[in-house]
Amino acid sequence: MINRRHIRVKVMQSVYAMLHSHNDDIIREEKFLKHSILKMYDLYVLNLQLLIEVQKLAAKKIALSKKKILATKEDLNPNNKFLNNKVINTLAESISMEGYVELNKLNYWEDNDEYVKIIYDELQKSDLYKKYLATKEDSFKIDKVFVLDFFKEIIAPNEKLGEYFEDKMISWVDDIPFVNTWVVRSLSKFKENKTFVLSSLYKDEDDENFVSKIFQKTILKHTEYEVDIENKTPNWETDRIADIDMILIKMAITEFINFPSIPTRVTINEYIEISKDYSTEKSSYFINGVLDKISKEFIKNKRIVKIGRGLL
């Protein structure tokens with residue numbers, strides 16, 4: 001499921017796009033934001049589905065080898081360890097995943113089977129695959145370790161696959177690392193003799209509402225927040241502050257004021273971390289300093305009112 005950190009990143013991107021396009025249709029932009037998050041779920045399912053498709057291709061190759069006129073002993077008695085992999089077979093039997101694929105028409109691998117072949121060929125050449133086939137032990141644990149390594153070492157870092165995903169949807173460029181972690185986490189949680197059910201996109205209703213609220217409030221109040229920022233950066237002209245830094249600070253102010261259950265320090269730390277990935281080298285120090293000053297003033301003036309342990 002998507003976490004708050006990545007929700008903030010998606011909102012940041014949408015706020016940036018809206019402000020720079022000078023578009024004032026907040027309803028349309030919010031719909032696009034939510035669509036972008038939903039499509040990230042498609043990317044998650046596609047990665048899991050790819051494991052199944054590679055196994056299907058392996059099965060076809062083995063079946064064709066058996067039909068050779070001059071079939072070898074190895075062709076007639078193939079190593080079926082990969083075909084019998086318990087983790088991939090559990091995925092293939094998942095009604096939850098099958099239903100999602102059909103409902104959302106995720107026929108990517110049927111239409112673009114060359115990417116399945118690319119992954120299959122790379123897998124076949126790998127020492128990981130050869131070692132797995134040579135393993136005498138037949139256990140769920142061995143199968144799971146192999147699938148995790150298969151994904152982490154071959155699927156996730158594959159550049160051609162990454163380029164394909166980026167071509168399909170531009171927002172996936174930033175989603176791929178998060179989705180890869182999500183897939184690994186899901187595979188790690190696999191348990192023997194348990195059916196696989198797709199988890200929810202959002203942790204709960206609060207997280208889903210968080211998307212709309214922080215986006216709307218930031219957009220509607222962004223000019224007002226610029227005054228607060230100017231007051232705390234007397235040596236800086238607003239146009240000298242990096243665009244992403246301004247947006248992150250504005251989003252943080254939105255959280256300060258509108259989310260009483262999120263501790264102020266948590267908010268500051270979250271936006272500092274995001275700035276390290278998306279802004280300049282010194283942005284984290286700048287954002288920390290500005291938000292620290294603003295938060296102290298807001299607490300003093302009671303513009304920030306936290307509940308429970310929020311002020312700690």
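Reply: One definition is needed at the outset: buried means under 20% relative accessible area, exposed means over 50%, and partly exposed lies in between. The model under discussion is predicted.

Me: Which class does E297 fall into: buried, partly exposed or exposed?
Reply: The cut-offs for the middle class are 20% and 50%. E297 has a relative accessibility of 31%, and therefore its class is partly exposed.

Me: With which residue does E297 form a salt bridge?
Reply: The contact joins two side chains, with an N to O distance of 2.4 Å. A salt bridge requires this distance to be within 4 Å. The partner of E297 is K232.

Me: How many residues apart in sequence are the parts that E297 and K232 tie together?
Reply: E297 belongs to helix α15 (residues 283-300), whereas K232 belongs to helix α12 (residues 205-232). The pair therefore ties together parts whose separation in sequence is 65 residues.

Me: How far apart are the closest N and O atoms of K34 and E30?
Reply: Both residues lie in helix α2 (residues 26-66), and K34 and E30 are 4 residues apart, about one turn of the helix. K34 is partly exposed at 32%, while E30 is buried at 13%. The two form a salt bridge, and the closest N and O atoms are separated by 3.7 Å.

Me: How many salt bridges does the rule give?
Reply: The rule asks for a side-chain nitrogen of Lys or Arg within 4 Å of a carboxyl oxygen of Asp or Glu. The count by this rule is 18.

Me: Where is D113 found?
Reply: D113 gathers with E110, D111 and E114 in a surface patch of negative charge. Its relative accessible area is 36%, so D113 is partly exposed. Its place is the loop between α6 (108-111) and α7 (114-125).

Me: How far apart in space are V87 and I26, C-alpha to C-alpha?
Reply: V87 lies in helix α4 (residues 86-92) and is buried, because its relative accessibility is 1%. V87 and I26 are 61 residues apart in sequence. Their C-alpha separation in space is 43 Å.

Me: What share of the residues of the protein chain counts as buried?
Reply: The secondary structure comes to 15 helices and 0 strands. The C-alpha atoms fill a box of roughly 85 × 40 × 35 Å along the principal axes. Of the 312 residues, the buried share is 48%.

Me: Which helix has the lowest mean pLDDT among the elements of the protein chain?
Reply: The chain has a mean pLDDT of 92, with 96% of its residues at 70 or more. Where pLDDT is low, the predicted coordinates should not be read in detail. The highest mean among the elements, 98, belongs to helix α9 (residues 140-155), and the lowest, 67, to helix α3 (residues 73-76).

Key
Residues are numbered from 1 along each chain as its sequence is written. This is a predicted model: local features need pLDDT of at least 70, side-chain atom pairs count only at pLDDT 80 or more; totals for chains, interfaces and linings use all residues. Side-chain values use heavy atoms; hydrogens and water are left out. Patches are made of residues with over 30% relative accessible area and no salt bridge: like charges are joined within 9 Å, nonpolar side chains (Val, Leu, Ile, Met, Phe, Trp, Tyr) within 5 Å. Accessible areas come from the Shrake-Rupley method with a 1.4 Å probe; for residues, only the protein chains shown count as cover. Lys and Arg count as positive and Asp and Glu as negative; His and the chain ends are not counted. The place of a charge is taken as NZ of Lys, CZ of Arg, CG of Asp or CD of Glu. Helices (H or I, at least four residues) and strands (E, at least two) are DSSP runs, numbered from the N terminus. Buried means under 20% relative accessible area, exposed over 50%, partly exposed in between (1.4 Å probe, protein chains only). pLDDT is the predictor's confidence in each residue, from 0 to 100.
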